[in-house]
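The sequence and structure are shown first.

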Amino acid sequence: MAFLSSLNIPLSGITAQRFRLDIISQNTTNATNFYTTPEEAYKRQIVVFEEDKTFKKILRHHMGEGEAYMYKYKQLRGVQAARVVEDPTPAEPVYSPDNPLADEFGYVYESNVDVQKEEMDAVEAENSLQACVNMYDAMKAMIQASLTLGKG
């Protein structure tokens, strides 16, 4: 039943892109907050994806086995959200002497989140998520069709 483990690949992509959308939502929520110092300002979070190491190891190990590999059950995993890192772009000072959070020079600091950039990242993540869903649906349809082959 090796073909069933291949469903892990689009499912891992769906999970990873869903997590990315959650981080994008968090960034957008904190985009307009102001802080007294640049160190306190919210830093944009970026999701770093990487392949699941077990997938690469299995693929490299079995590349030369050809058809015989197709009949062995292997756990294929796909992609994973490895970590979340902070964007190193510094916080922007905004002159606002009337703001209660202003420092002694009248500046407040806003986060380094660019809402337009986050919107584009969200569109990209949604498109990737939809591609994974489409791949999952196609694979599921192929599996269902292959199960009905013997019923004829």
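## Polar contacts of N112

In this predicted model, the side chain of N112 reaches the backbone oxygen of T89 at 2.8 Å. A polar atom of the N112 side chain also lies 3.2 Å from the backbone oxygen of D87. Both distances fall within the 3.5 Å limit for a polar contact.

N112 is placed in the loop between β5 (107-110) and α5 (115-148). Its relative accessibility is 10%; because buried means under 20% relative accessible area, N112 counts as buried.

When residues up to four places away in sequence are not counted, N112 touches Y42, K43, R44, D87, T89 and P90. Among them, D87 and T89 are the residues whose backbone oxygens were described above.

## The aromatic pair

A search of the whole structure finds 1 aromatic pair. Y95 and Y107 form this pair, with 5.4 Å from centre to centre and 70° between the planes. The arrangement is edge-to-face, because the angle between the planes is over 60 degrees.

The pair links distant parts of the chain: Y95 belongs to strand β4 (residues 92-95) and Y107 to strand β5, and the two are 12 residues apart.

## Accessibility of the paired residues

Y95 has a relative accessible area of 54% and is therefore exposed, the cut-off being over 50%. Y107, at 32% relative accessibility, counts as partly exposed.

Definitions and conventions. Residues numbered from 1 in each chain as written. Predicted model: local features only at pLDDT ≥ 70, side-chain atom pairs only at ≥ 80, totals over all residues. Heavy atoms only, no water. Helix = DSSP H or I, 4+ residues; strand = E, 2+ residues; numbered from the N terminus. Buried < 20%, exposed > 50% of the residue type's maximum accessible area, 1.4 Å probe, protein only. Polar contact = N/O pair within 3.5 Å; in protein donor to acceptor, adjacent residues only side chain to side chain. Contact = heavy atoms within 4.5 Å. Phe/Tyr/Trp six-rings, centres within 6.5 Å; stacked < 30°, edge-to-face > 60°.
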